[in-house]
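Here is a tutorial on reading chain contacts, domains and packing in a structure.

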Amino acid sequence: MRYRLPGASTPATWFHKPVQTLINRAERLRNNLMALPPGLYLLLFFAAPSLMMLFASFRYPGEYGGLAPWYYVEDEQFSLDFTLENWLRLFESSIYLGLLFKSLGYALLTTLICTLMAYPLALMIARSNKRFRDLLLLLVILPFWSNFLVRIYAWMIIFSPQGALTIGLNHVTAALGIEPISLMFSSTAVITCLVYVHLPFMILPLYANLEKHDSRLLDAAQDLGANRFQCFWLITWPQSLPGIYAGAILVFIPSLGIFAIPDLLGGTNGIMIGNVIKQQFVESRDWPFGSVLSLVLTGITLLLVLLAAKLGRTAGTDNGK
Amino acid sequence: MKKLLCCFVLCLSQFALADKTLNLFNWNDYIAEETVARFEAQCGCKVVQDYFSATEEMMAKLLAGGGDYDVVIPTQNAVEALIKQGFLLPLDKTKLSNIGNTAAGYMNKAYDPGNVYSLPYAFTTTLVGYNENKIAELGIDPADWSIIFDPAVLAKIKGKVTVMDDAEELFGAALKYLGYSINDNNEKHLKEAQAVILKAKPYWAAFNSSSYIKELTVGNIWVAHGYSSDMFQARADAAEAGRDFSINFVLPKQGAVLALDNMVIPKKARDPELAHMFINFMMDPQNAAELTTIVGTGNPNAAATPFIDEDILKITAIFPTPELQAKLETVSARNAKERRLANKLWTEIKVR
């Protein structure tokens with residue numbers, strides 16, 4: 001929003017210019033002040049911790065956890081004690097990078113499934129009668145009323161070998177002559193739960209986007225002879241891309257770093273990079289290596305978010321708006 | 001709905017009565033509710049419990065500055081580390097009138113000479129709990145570590161086995177299976193143990209230290225590597241639930257990890273007075289006996305023996321015979337370099 005004095009765009013009278021400059025300055029100041037809280041937030045809770053971890057990643061772990069001192073004074077000789085060991089360990093064998101790729105795969109698959117499931121639902125809610133919309137949205141966020149871990153434990157019961165689902169499925173597999181399957185402690189269980197937990201984060205931004213679409217565009221397209229598929233593919237879909245990118249970021253990032261779900265449901269093979277990071281900070285008390293892994297994960301996440309934000313912006317300007 | 005309401009009222013009452021609170025940091029399933037209730041009645045205070053399921057987890061939380069607990073129940077090697085860190089408050093023996101009840105054999109150990117900082121609470125062994133019917137049906141010998149490490153045996157119970165999510169315990173078991181000491185820090189031996197674990201891993205359902213009691217009791221898994229006290233509870237739970245199978249547990253013949261857990265007071269404790277009261281309370285013969293009769297731990301309290309059922313005293317996995325005792329080892333504290341190697345091998349196991 002830019003405040004303009006009436007007539008400021010017409011050839012200026014003698015006082016218009018300085019006043020306009022003053023207003024511009026005030027506006028800039030206001031914008032800067034507005035950016036201050038989020039800037040401070042980022043500095044305090046993102047930049048500063050990341051720098052601390054960068055520092056930690058070149059140090060040795062302490063005797064009983066924590067970090068070893070980064071300098072020694074011996075015989076009045078001051079010496080630094082830094083190491084590249086933690087970073088080299090990352091490349092020592094392919095297992096850490098392999099796990100990172102596997103986790104990226106899980107997160108990507110989760111995002112994809114969430115998109116496929118959320119899109120029809122969000123579209124349905126956006127086009128439903130106004131009276132029901134709030135109720136339908138409430139139903140989407142209803143699961144948040146119970147604790148995240150409680151919901152995961154509920155899935156553990158559903159997936160358990162003694163659960164009705166597994167027993168039922170295994171009746172079917174037995175009839176088809178296939179080996180009985182186990183749902184619990186598998187990557188299927190992990191991805192199912194990742195999708196379940198993150199689905200609302202895809203539905204809500206998509207709904208917010210779809211709800212704003214101008215229905216007259218669809219009418220016009222129909223008048224011009226577009227069939228229903230063309231209406232969707234040429235009008236609705238391109239306009240909804242910013243919503244998809246926003247939802248994808250909200251789903252992808254948390255599912256990439258999650259450790260609780262793979263811990264509880266993943267068994268011996270379903271673990272993700274988040275579990276190994278948690279393991280370094282908690283069980284192994286190896287903060288330096290944990291920092292290395294966290295920084296790598298943060299770096300990859302940042303890159304992907306920048307990419308998504310860029311895509312979202314292009315999509316937003318190219319289409320519809 | 002009624003339950004919900006009850007929960008709500010309980011939550012409220014917690015705030016209302018919280019004038020005196022004992023913050024206890026304990027192993028999960030390691031104290032009987034009856035005992036806690038009695039202590040609360042006696043001291044007119046509220047006991048708030050936090051739980052851990054692995055020594056490393058507890059150490060990480062304490063050393064990262066988390067939680068100012070009044071009493072912590074660490075295992076002997078952690079006591080040693082906590083003393084060296086200057087984390088503990090020396091105990092005031094004048095406030096501990098029941099101290100004489102503890103059997104002399106459990107006092108004055110190398111990890112805390114003279115019991116300046118710690119007093120024994122209970123002990124457990126880490127062993128194998130199993131579904132008696134299934135294991136008998138399959139003709140597997142449960143009293144041998146091969147039940148969780150030998151692929152030939154595991155092939156019969158694939159996906160029905162969980163092992164502890166704990167480097168010390170799992171490496172300890174694997175080293176014993178190979179005939180080494182659990183405190184072996186020889187890199188070659190540790191790598192051999194890692195190889196054994198990696199070969200067995202595809203047959204395991206999960207690394208699990210916190211919910212194997214339930215999984216065994218429900219029948220989801222047939223073999224679990226875990227603490228003797230937990231297996232005792234799994235057995236009782238299965239019997240109580242009237243399952244069509246029974247749970248039992250046994251010490252593997254190669255020997256196993258013995259964990260002597262202790263009561264300590266951190267320097268940061270909010271109420272050391274109450275903490276001493278709790279320690280003294282737990283050394284009372286009757287209260288100590290409940291650790292065995294209800295929780296199923298081994299008991300260092302000599303005066304408690306008359307209060308323990310004959311049947312439990314006969315379970316060798318809880319009260320090992322002298323021959324078995326000779327094969328049990330306690331874990332010693334590792335130094336940073338040794339810990340680093342073990343952790344690296346452990347991380348590789350988890351990731352592969």
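The dialogue below goes through a predicted model.

Q: Which domains does the assignment give for chain A?
A: Domain 1 of chain A covers 1-56, and domain 2 covers 91-318. Their centres, taken over C-alpha atoms, are separated by 36 Å.

Q: How many residues of domain 1 of chain A are in contact with domain 2 of chain A?
A: Four residues of domain 1 of chain A are in contact with six residues of domain 2 of chain A. On the domain 1 side, three of these residues are nonpolar, one is polar and none is charged.

Q: Which domains does the assignment give for chain B?
A: In chain B, domain 1 is 2-121 + 260-318 and domain 2 is 124-257 + 329-351. The C-alpha centres of these two domains of chain B lie 26 Å apart. Their contact takes 18 residues from domain 1 of chain B and 20 residues from domain 2 of chain B. Helix H4 (residues 76-84) of chain B supplies the largest share of the domain 1 side, four residues. That side of domain 1 of chain B divides into seven nonpolar, nine polar and two charged residues.

Q: At what angle do helix H8 and helix H9 of chain A pack?
A: A helix pair is read from its angle, its axis distance and its contacts. Helix H8 (residues 215-223) and helix H9 (residues 228-257) of chain A pack at about 140 degrees, with their axes 10 Å apart. Angles over 145 degrees count as roughly antiparallel, and H8(A) and H9(A) are therefore oblique to each other. The crossing of H8(A) and H9(A) is right-handed.

Q: Which residues of H8(A) and H9(A) meet?
A: Leu217(A), Leu218(A), Ala221(A) and Gln222(A) of H8(A) meet Cys231(A), Leu234(A) and Ile235(A) of H9(A). This contact of H8(A) with H9(A) has six nonpolar residues, one polar and no charged.

Q: At what angle do helix H9 and helix H16 of chain B pack?
A: For helix H9 (residues 187-200) and helix H16 (residues 336-351) of chain B the angle is about 15 degrees, and their axes are 10 Å apart. Because angles under 35 degrees count as roughly parallel, H9(B) is roughly parallel to H16(B). H9(B) and H16(B) cross in the right-handed sense. From H9(B) the contact includes Leu190(B), Ile197(B) and Leu198(B), and from H16(B) it includes Leu341(B) and Leu345(B). By class, the contact of H9(B) with H16(B) has seven nonpolar, one polar and two charged residues.

Q: In which sense do strand E1 and strand E2 of chain A pair, parallel or antiparallel?
A: A strand pair is read from its sense and its bridges. Strand E1 (residues 71-74) and strand E2 (residues 77-80) of chain A pair in the antiparallel sense over four bridges. Glu74(A) stands opposite Gln77(A) in E2(A).

Q: Which residue takes a positive phi in the hairpin of E1(A) and E2(A)?
A: Asp75(A) takes a positive phi near 50 degrees, in a hairpin with two residues between the strands.

Note on methods: Residues numbered from 1 in each chain as written. Chains lettered and ligands numbered in written order. Predicted model: local features only at pLDDT ≥ 70, side-chain atom pairs only at ≥ 80, totals over all residues. Domains from an automatic or database assignment. Contact = placed C-beta atoms within 7 Å. Nonpolar A, V, L, I, M, F, W, Y, C, P; charged D, E, K, R; others polar. Axes fitted to C-alpha atoms, helices over the stretch in contact; angles between N-to-C directions. Parallel < 35°, antiparallel > 145°, perpendicular 65-115°, else oblique. Left-handed = near helix turned anticlockwise from the far one by under 90°. Pairing = 2+ DSSP bridges.
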